[in-house]
Amino acid sequence: MGRRGKDSGDGPIHGVAIVDKDAGWTSHDVVAKARGILGTRKVGHSGTLDPDATGVLVLGVGRATKLLRFLQLLPKSYECEIVFGTETNTLDAAGEVTATYDMTVDPAEATAATAQLTGDIQQVPPMVSAVKIDGKRLHELARKGIEVDRPPRPVTVYRYDVEPTDDPLVYRAFVDCSSGTYVRVLAADLGHALGGGAHLRKLRRTSVGAFTLADATSLEDVTVIPMAEAVRGFPIVRVDEATEAAIRVGAVLDSDALGVAGTGPWPILSPTGELLAMYEPFGDGRVKPVVVLVG
């Protein structure tokens, strides 16, 4: 069962909260408000949503803030609208119009173009992003009117489906993608692929990893669920009491002792289902804790 705050009477809160962020809030705003509601300063988020965007925002609370480095790497899903014929300086509806095009968008051509933007692709981060170039965040440079060259970055787009609406220049889009993918860039690139331009509007994040809108609450009803729930979708390992004792003191173990192979990370659960640690490979045939979550 979820918990609301320190007044619950059973000690500090450690876990995750899944919030359905409203438009007009920054991710930092949500974190600040959640700190007040939950009665703890130890709250962070696993991946920024733009102020105009809505949807799933995963918060880490207490010791679960140590898990955010893993949660931010989870794939994400979005729904949005793409407006063809108009480009903006932010690639979304919040920006100033920089170019207009006389376009006609054919549904079959739009679908064919999205296929070229699906799979493992190279994507140039937008100037409004938090990516650093020479130690400067791009959005800070953009506010000063400075634009710099940005090297493309590898991302993976698992799904990029579009469908027409009643407006011939507005399409609905559905995107499943790796962490680090900019949906606004996918919208702009689709406009270019169709011989014109486009921008994004009404972005809504529908999932982060295994967490979906069905798991989310309003910020006012924020609820913390156990840390073990935060690692849904990871290759979970449940250990016996003897191995649990070694993990509690941060022992380096043989991978065979945990029965793991590959690149990890592996969440380690106690016999009672408590999340003990996150382990990763460490040399040949060994694994080590990168995060220990128990005392």
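## Nonpolar cores

A nonpolar core here is a set of buried Ala, Val, Leu, Ile, Met, Phe, Trp, Tyr and Cys residues joined through side-chain atoms within 4.5 Å. The model is predicted. Its largest nonpolar core has 27 residues, of which Ile82, Phe84, Tyr160, Val162 and Leu190 touch the most other members. At least two residues of this core come from each of β4 (76-84), α3 (107-115), β10 (153-164), β11 (170-177), α5 (183-193) and β12 (198-208). Another core, of 22 residues, lies apart from it and includes Ile18, Ala216, Phe234 and Met278.

Leaving out residues up to four places away in sequence, Val162 touches Ile82, Ala110, Thr111, Thr114, Tyr171, Arg172, Ala173 and Leu190. Two of these, Ile82 and Leu190, are also named among the residues that touch the most other core members.

## Strand β3 and its partners

Strand β3 (residues 54-61) is largely enclosed by the rest of the structure, because 8 of its 8 residues are buried. Strand β1 (residues 15-21) pairs with β3 in the antiparallel sense over 7 bridges, with Gly15 opposite Val61. Strand β2 (residues 43-45) also runs antiparallel to β3 and is joined to it by 3 bridges; here Gly44 stands opposite Gly60.

The pairing of β3 with β12 is parallel and has 2 bridges.

Strand β15 (residues 237-238) pairs with β17 in the parallel sense over 2 bridges, and Arg238 stands opposite Leu269. Strand β18 (residues 275-281) pairs with β17 in the antiparallel sense over 4 bridges, where Leu269 stands opposite Leu275. The hairpin of β17 and β18 has 5 residues between the strands, and Gly273 takes a positive phi near 95°.

## The Thr88 site

A polar atom of the Thr88 side chain lies 2.9 Å from the backbone nitrogen of Leu91. Apart from neighbours within four places in sequence, Thr88 is in contact with Gly95, Glu96, Val97, Thr98 and His199.

How values were computed:
Residues numbered from 1 in each chain as written. Predicted model: local features only at pLDDT ≥ 70, side-chain atom pairs only at ≥ 80, totals over all residues. Heavy atoms only, no water. Polar contact = N/O pair within 3.5 Å; in protein donor to acceptor, adjacent residues only side chain to side chain. Contact = heavy atoms within 4.5 Å. Buried < 20%, exposed > 50% of the residue type's maximum accessible area, 1.4 Å probe, protein only. Pairing = 2+ DSSP bridges.
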